[in-house]
Amino acid sequence: MAEKRAPHQRARDAAQERVIQTARTARERGSAIKTAALDMPWARCAPARLARETILSGFFGPVMAWYVRRRIEGREVFAGERPPVVFVANHSSHMDTPAILRALPRAWRQRTAVAAAADYFYRKRWVAAAVSLLFSTVPISRKGGGMDDGSADHLHRLLRQRWNLLLYPEGTRSRNGSRGKLHSGAAVLAAAHDVAILPIFVDGTGDAMPPGVNWPKRFRAGRFFRRQPICVRFGPPIRALPGEHRNETMARVQAWFDAQAGNAPSGPRRASRTATARDNGPMAGVGSR
């Protein structure tokens, strides 16, 4: 009798597993739809862009110039590139976003949206509205599969409207300076719209404003406090090759980041080499992830 019941039991178990999987998929689908619905398109209208530029340049720029001394490298790449592009950057600080936005040429900055974690910045409507206005953020899921089942419709729409998109493909800030695995969403978006991935290496922001710190800081050098040196480096555009899998595209992006890591020591360790360097201008303040 036990042997006869076993196939029926296995069938019931399989049916229950299918029901559970269907429910899980429905929940994930609902979450994806909710993420896209959190977007605030009003933050990309002309008055909002004007307000954002005024705040970034007129307030955050001078304030942050007190704390950091920045260097920008590779801006010549914009002379030969046309928008839209998908920017991808490493991530170690809330300062990364304003540092990148201030380093972009103004025309590019005013047409760049920044992907921000929906579960972090969009839980409260007033916070979502603030970061949307200040940094032109758009919500994105960090749970994986964030490019599927309509959850990225708002991102595709932005690229069709010739907005650039800044992504942090690690998904979260580094706590120890190391880089995590790059998710492949940037490659999916770039391939779907036949646009380039433009990598950005940011160095020094993790020392100036590490995770857990709500305001940037100077570092102590003897009896004085000095500005933290940071660097924003733009890399060459990377395009998906015919027949190339998205993971292969991201592997080439990862290789570029790996090549930068040994060339840009962070924070106070490089202060002696950069303290007298020419300041390329003010940088804006808080980050958006």
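**Note on the predicted model**

1. In helix 7, the buried residues are His154, Leu155, His156, Leu158 and Leu159. The helix spans residues 153-160 and lies across strand 2, strand 3 (112-117), strand 4 and strand 5 (164-167). Relative to strand 4, helix 7 runs at about 145 degrees. These values, like the others below, are computed from a predicted model.

2. What follows helix 7? Arg162 does, with a positive phi near 65 degrees. This residue is not a glycine, and Arg162 sits in the loop between helix 7 and strand 5. Most residues other than glycine have a negative phi. Arg162 has a relative accessibility of 44% and therefore counts as partly exposed, since that class lies between the 20% limit for buried and the 50% limit for exposed.

3. Ser136 belongs to the loop between helix 6 and strand 4. Is Ser136 buried or exposed? Its relative accessibility is 1%, so Ser136 counts as buried. Arg162, by contrast, is partly exposed.

4. Pro83 and Pro84 are joined by a cis peptide bond, with omega at about 5 degrees. Most peptide bonds are trans. Pro84 is in the loop between strand 1 and strand 2, and Pro84 is buried at a relative accessible area of 8%. Leaving aside residues up to four places away in sequence, Pro84 touches Leu159, Arg162, Trp163, Asn164 and Val195. Among these, Leu159 is one of the buried residues of helix 7, and Arg162 is the residue with positive phi after that helix. Leu158, also buried in helix 7, is 74 residues from Pro84 along the chain, yet their C-alpha atoms are separated by 9.2 Å.

5. The open sheet has 7 strands in the order 1-9-6-2-5-3-4, and its pairing is mixed. Which strands stand at the edges? They are strand 1 (68-73) and strand 4 (137-140); each has a single partner strand, so one side of each has no neighbour in the sheet. From one strand to the next the twist averages 25 degrees.

6. Within this sheet, strand 2 (residues 86-89) pairs with strand 6 (residues 197-203) in the parallel sense, over 4 bridges. Val86 stands opposite Ile197 of strand 6. Strand 2 is also one of the strands that helix 7 lies across.

7. Helix 2 (residues 46-65) packs against helix 6 (residues 125-135) at about 80 degrees, with the axes 7 Å apart. Helix 2 is therefore roughly perpendicular to helix 6, as angles of 65 to 115 degrees are classed that way. Helix 2 contributes Ala48, Ala51, Arg52, Ile55, Leu56 and Phe60 to the contact, and helix 6 contributes Ser132, Leu133, Leu134 and Phe135. By class, this contact comprises 8 nonpolar, 1 polar and 1 charged residues. An α-helix has 3.6 residues a turn, so residues three or four places apart point the same way. The contact residues of helix 2 include Ala48, Ala51, Ile55 and Phe60.

8. Phe60, which lies in helix 2, has a relative accessible area of 10% and is buried, because the limit for that class is under 20%. Phe60 and Pro98 are 38 residues apart in sequence, with a C-alpha to C-alpha distance of 8.5 Å. Pro98 is one of the buried residues of helix 3.

9. How many residues of helix 3 (residues 96-103) are buried? The count is 8 of the 8, so helix 3 is largely enclosed by the rest of the structure. The buried residues are Asp96, Thr97, Pro98, Ala99, Ile100, Leu101, Arg102 and Ala103.

10. For the protein overall, there are 11 helices and 9 strands. Of the 289 residues, 48% are buried. Contacts between residues at least 6 apart in sequence join residues at least 24 apart in 81% of cases. The accessible surface is about 14700 Å², and carbon and sulfur atoms account for 55% of that surface.

Definitions and conventions
Residues are numbered from 1 along each chain as its sequence is written. This is a predicted model: local features need pLDDT of at least 70, side-chain atom pairs count only at pLDDT 80 or more; totals for chains, interfaces and linings use all residues. Side-chain values use heavy atoms; hydrogens and water are left out. Helices (H or I, at least four residues) and strands (E, at least two) are DSSP runs, numbered from the N terminus. Buried means under 20% relative accessible area, exposed over 50%, partly exposed in between (1.4 Å probe, protein chains only). Contact means heavy atoms within 4.5 Å. Accessible areas come from the Shrake-Rupley method with a 1.4 Å probe; for residues, only the protein chains shown count as cover. Axes are lines fitted to C-alpha atoms, for helices over the stretch in contact, and angles run from 0 to 180 degrees between N-to-C directions. Angles under 35 degrees count as roughly parallel, over 145 as roughly antiparallel, 65 to 115 as roughly perpendicular and the rest as oblique. Ala, Val, Leu, Ile, Met, Phe, Trp, Tyr, Cys and Pro count as nonpolar, Asp, Glu, Lys and Arg as charged, and the others, Gly among them, as polar. Two strands pair if DSSP finds at least two bridges between them.
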